[in-house]
Amino acid sequence: MVKALSSVSSFAASLLFEIMNIWNTTSDFILLGLFNHTGAHLFLFVMVLTITFTSLVGNALMLFLIHQDARLHTPMYFLLSQLSLMDMMLLSTIVPKMAADYLTGKKSISSAGCGLQIFFFMSLGGGECFLLAAMSYDRYVAVCHPLRYPILMSWQLCLRMTVGSWFLGAADGLMQAAATLSFPFCDTHEIDHFFCEAPTLLRLACADTVVFEYVMYICCVLMLLVPFSLILISYSLILTAVLQMRSREARKKAFATCSSHLCVVGLFYGAAIFIYMRPKSYRSANHDKVVSAFYTIFTPLLNPIIYSLRNSEVKGALRKCMGQCAALKL
C-alpha cells in the first residue's frame with residue numbers, strides 16, 4: 001500500500017513538473033468569448049450574470065440549510081450538498097473570467113490560467129458525473145429497499161462514493177490538462193470559446209492529435225456513458241417499483257420526482273456527450289459555445305430547484321431558518 005501511494009505521488013509530482021514546463025514555454029491564448037458588444041448580446045450577458053448570481057445564492061443556501069438543520073444530516077442530503085459545492089465551484093471557474101473579458105476587452109489568458117481552467121472544469125464536470133450516479137443509487141435504495149436503507153446506504157459507503165467522485169474527477173482533469181497543453185500550438189492562439197476547453201484547444205494544435213482524441217473518447221465512455229447507464233438502470237428499477245404501488249397519489253408523486261430528476265440528468269449528460277463524443281468533422285465552434293454555456297451556467301441553476309427546493313424537508317428547514325432570523329430581529 002505504501003509503495004503504491006509513493007509511486008502515485010511520484011508520478012503526480014513528475015506530471016506537475018512537466019505541466020509547469022509546458023506553461024512556461026507557451027505564450028498566452030486569446031479567448032474570443034461568447035458575446036459581442038451589440039444590444040442583444042448585452043442583454044444576454046446580463047441574463048447570464050443574473051442566472052449565475054441566482055445559481056450561486058441557491059446552491060449556497062442549500063449548503064447552509066443542510067449544514068444547519070439536523071434533520072437534513074442524511075446521506076441523500078450530504079450528496080446534494082456536494083452537488084451544490086461542485087456547481088458553485090464550476091460557475092466560479094468559468095463566469096468571472098468570461099465577465100471580466102467582456103467588460104474590460106482584455107481577452108488574453110495565460111497558459112497557466114488555461115491549464116487551470118481545463119483542470120477545474122474537467123475535475124468538477126467528471127466528479128459531478130459520478131456523483132449523479134451515486135445519487136441515483138441512493139434514490140433506488142430509498143424507494144425499492146426502504147427498510148434496508150441504513151445498511152445499503154450507510155454513511156461509510158456514502159463517504160466512499162463522495163471521495164471517489166472527487167478523486168476520479170481530479171485525476172481526469174489533471175491528465176487532460178497536461179495532455180492538452182503538451183501539444184505545440186500554431187502561431188494563431190485564438191480560442192473560439194469563452195473558456196479553455198480541451199476539444200476547442202486541440203483545434204489549434206500543430207501536431208497529430210488522433211491518438212489523444214481516441215484516448216479522450218475512451219475517457220468519455222468511462223466518465224459519461226458508464227455513470228449515465230447506471231443512472232438509467234437505477235431509475236428504471238425505481239419506475240418499476242412505482243408502477244406496483246397501489247396508491248395513485250404516491251405513484252403520481254414518484255413519477256413527478258423521477259421525471260424532474262431525469263430531466264436534469266438528461267440535460268447535463270446530453271450536453272456533455274454532445275461536446276466530447278461527437279466526431280471531429282461534425283463540430284462547430286458556435287454550437288459548442290452555446291451547448292457549453294447551457295450545461296456550465298444554466299444547469300447549476302436547475303439542480304437546487306429540481307433536487308432540493310421542491311422537497312418538503314428542505315422547505316421546512318428554510319421556514320425554520322427564516323423563523324429564527326425573524327425572532328432574532330425582534
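This text walks through the structure from the whole chain to single residues.

The model is predicted, so local features need pLDDT of at least 70 and side-chain atom pairs count only at pLDDT 80 or more, while totals for chains, interfaces and linings use all residues. Residues are numbered from 1 along each chain as its sequence is written, and side-chain values use heavy atoms, with hydrogens and water left out.

The chain has 11 helices and 3 strands; helices (H or I, at least four residues) and strands (E, at least two) are DSSP runs, numbered from the N terminus. Along the sequence their pattern is α-β-α-α-β-α-α-α-β-α-α-α-α-α. Of the 330 residues, 45% are buried. Buried means under 20% relative accessible area, exposed over 50%, and partly exposed in between (1.4 Å probe, protein chains only). A contact is a pair with heavy atoms within 4.5 Å. Among contacts with a separation of 6 or more, 78% join residues 24 or more positions apart.

C114 lies in helix α4 (residues 111–144) and is buried, with a relative accessible area of 0%. Apart from its neighbours within four places in sequence, C114 touches F29, I109, I191, C196 and L201. The C-alpha atoms of C114 and L31 are 9.8 Å apart, although 83 residues separate the two along the chain. Q82 belongs to helix α3 (residues 75–104) and counts as buried at 13% relative accessibility. With neighbours within four places again set aside, Q82 is in contact with L131, T162 and W166.

The surface comes next. The chain exposes about 17,100 Å², of which carbon and sulfur atoms supply 70%; accessible areas come from the Shrake-Rupley method with a 1.4 Å probe, and for residues only the protein chains shown count as cover. I218, L222, V226, L230, I233 and L237 form a nonpolar patch with about 540 Å² of accessible area together.

Helix α11 (residues 312–329) has both buried and exposed residues. V314, G316, A317 and C321 are buried. Seen down the axis of α11, the buried residues fall within an arc of 160 degrees, so they line one face of the helix; the arc is that of the directions from the helix axis to the C-beta atoms. On the other side, S312, R319, M322, A327 and K329 are exposed.

Conventions
Patches are made of residues with over 30% relative accessible area and no salt bridge: like charges are joined within 9 Å, nonpolar side chains (Val, Leu, Ile, Met, Phe, Trp, Tyr) within 5 Å. A salt bridge is a side-chain nitrogen of Lys or Arg within 4 Å of a carboxyl oxygen of Asp or Glu.
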